[in-house]
Amino acid sequence: MKRKDFLKISASAAIFLGISPKAMANPDNNLDYLNNDYKNDGSCFGLKHESISKVKVGIIGLGNRGSVLIQMFDYLIKHNLSEIVALCDLNDDSINKNLKYLKTIQEHTPEVYRGSVDSWKELVKRDDIDLVIVATPWDTHTEMCISSMQNDKHVACEVPIANNLEDCWKIIEVAESTKKHCMMMENCCFNNEELWLLSMIDKGVFGNVNHAEGAYIHDLRKHMLDDSYYHNQWRIKHHQTRNGNLYPTHGLGPVCSYMDIGRGDNFNHLVSMSSNEESLSIASKSIDSDFKKFSCGDMNTTLIKTNLGKTIKLQFDVHTGRPYTRLNNVNGTKASHQGYPSKLFINNPELQWGHSWLNKEEYKKYRDLYNHPLWDKMENEISKNQVGHGGMDFVMIYRIIRCLNKGLPLDINVYDSVMWSSIIPFSEMSVLNQSKTIKIPDFTGGSWKNSRKSELLRVI
Ligand SMILES: NC(=O)c1ccc[n+]([C@@H]2O[C@H](COP(=O)([O-])OP(=O)(O)OC[C@H]3O[C@@H](n4cnc5c(N)ncnc54)[C@H](O)[C@@H]3O)[C@@H](O)[C@H]2O)c1
């Protein structure tokens, strides 16, 4: 990408940043945030590259997440499909632990980058890396992705890929100008239940899906307040100053694949509302933590309307004590699903449509008939890789590497990654402005109008 062009987008983004969220969010007064000097063209849809027989990987960030992701490479390394050539982290213990693990599955010892917050910049400059994997705290993601692409690398980044609107546009601009793959690793899209639902929707079992609900409801109080779980307690700091849906993609990614977002439909606008904050403060007080005041409400609820009139309910709560759920509720004209635990309803006119979920035997018939072939094919390996969220992390890493091996487009493209992450700043804008309607810009350069199947449905 030409530096001149990059400066242009940075300058326009600075203008955007100069507008207070209050003004930006007020559709009656100011829609400037929708204007962007850079005209995205959608050219990264269906992006393909030469096949890479053995994908050389560099990993930045070896904390909780990076240490799990690295274990997902066992099968790929043993089958000579990938190799980890470089690692980077700030923490020596994390590096040593992962080096020790890699020794058990790979002959070559990777080069290590450490010592400073900028050491990763040397890793992305190497000329023997095909793919950079980013598993660091949120604030670092955009810069690491952009720099990887500018250094001619494909990049796969942990969720979310961007935290503000400026970064959303920057990533798209760099991806389109460098034509490198840039994928947000939204692992829930690769989970068995979600892929089974996607297969059923694709085969018409649900009719038209007009409403779906996703969430990230996960009691993280213990981890966020623990001074050794997250690096420098980075996560709880976001909750001190921000209020909205700070982690939308686990619930939203799968819903977008059910609804063909970016592949025939697109987000149009949203409204967002946060409850009081209380639960995290109570937990913090109970252990006399230094973190005392929080902006983020206990529960954020965001409603998104699509261009074709569909609705999505998205929730975010990591403060309140209760069992984990991503909801995974899907309502179609012919069937409905509710998650946690999974239940299926099939419209049956003979029973005057009925009110009951399918019984165990009927449910199992659908489960077996529509299981995503990828989960059938990889069943053995998945059973050995349960540590990665019951297998979905393995399926995701397997797919990324196999797509690169075969020169195929990745399952999640840069537009998906940005659209799903953009709910963070837009929900914050709405919450700040008494839940005002926020228009969502078209990140796809008009390409959303082309109907096509989700890449997740391919069997490779
Ligand atoms: N998809 C999932 O299921 C899932 C699960 C957990 C975490 N995550 C995501 O993974 C990311 C990391 O989360 P985590 O729980 O592993 O956090 P963490 O704090 O455990 O790990 C982050 C690591 O990044 C390293 N790091 C920080 N700045 C760095 C820099 N400049 N250069 C090199 N290394 C640096 C830290 O030393 C640390 O080891 C986050 O984006 C989080 O949202 C995703």
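**Figure 1. An open sheet of 8 strands with mixed pairing.** In this predicted model, local features need pLDDT of at least 70, side-chain atom pairs count only at pLDDT 80 or more, and totals for chains, interfaces and linings use all residues. Residues are numbered from 1 along each chain as its sequence is written. The strand order is E13-E12-E11-E7-E10-E9-E8-E14; strands (E, at least two residues) and helices (H or I, at least four) are DSSP runs numbered from the N terminus, and two strands pair if DSSP finds at least two bridges between them. Strand E13 (343-346) and strand E14 (438-439) are the edge strands, each pairing on one side only. Strand E8 (residues 267-274) runs antiparallel to E14, with 2 bridges joining them; Leu-270 has Ile-438 in E14 as its bridge partner. Helix H12 packs on the sheet and touches E7, E10 and strand E11 (329-332), its direction making about 160° with that of E7. Contact here requires that the C-beta atoms of two residues, placed from the backbone, lie within 7 Å. Angles run from 0 to 180 degrees between N-to-C directions, and axes are lines fitted to C-alpha atoms, for helices over the stretch in contact.

**Figure 2. Strand E10 and its pairing with E7 and E9.** Strand E7 (residues 209-217) and strand E10 (residues 311-317) run parallel and are joined by 7 bridges. Tyr-216 stands opposite Phe-316 in E10. On pairing with strand E9 (residues 300-306), E10 is antiparallel over 6 bridges, and Gln-315 of E10 is the bridge partner of Thr-301. A hairpin is formed by E9 and E10, with 4 residues between them; in its turn, Gly-309 has a positive phi of about 85°.

**Figure 3. An open sheet of 6 strands with parallel pairing.** The order is E3-E2-E1-E4-E5-E6. Strand E3 (111-113) and strand E6 (182-184) stand at the edges with a single partner strand each, so one side of each is left without a neighbour in the sheet. Direction ignored, neighbouring strands are turned by 20° against each other on average. Strand E1 (residues 55-60) pairs with strand E4 (residues 131-134) in the parallel sense over 4 bridges, and Ile-59 stands opposite Ile-133 in E4. Helix H17 (residues 392-406) lies across E1, strand E2 (82-88), E4, strand E5 (154-157) and E6, at about 140° to E1.

**Figure 4. The crossing of helices H9 and H12.** The axes of H9 (residues 192-202) and H12 (residues 249-258) come within 9 Å and cross at roughly 20°. H9 is therefore roughly parallel to H12; angles under 35 degrees count as roughly parallel, over 145 as roughly antiparallel, 65 to 115 as roughly perpendicular and the rest as oblique. Glu-194, Leu-197, Leu-198 and Ile-201 in H9 meet Pro-254, Ser-257 and Tyr-258 in H12. By class, this contact has 5 nonpolar, 1 polar and 1 charged residues, where Ala, Val, Leu, Ile, Met, Phe, Trp, Tyr, Cys and Pro count as nonpolar, Asp, Glu, Lys and Arg as charged, and the others, Gly among them, as polar.

**Figure 5. The residues around the ligand.** The ligand is surrounded by 25 residues, the closest being Gly-61, Gly-63, Asn-64, Arg-65 and His-231; a residue is near if its C-beta atom, placed from the backbone, lies within 6 Å. Helix H3 (residues 64-69) gives the largest share of the shell, 3 residues. By class, the shell divides into 11 nonpolar, 11 polar and 3 charged residues.
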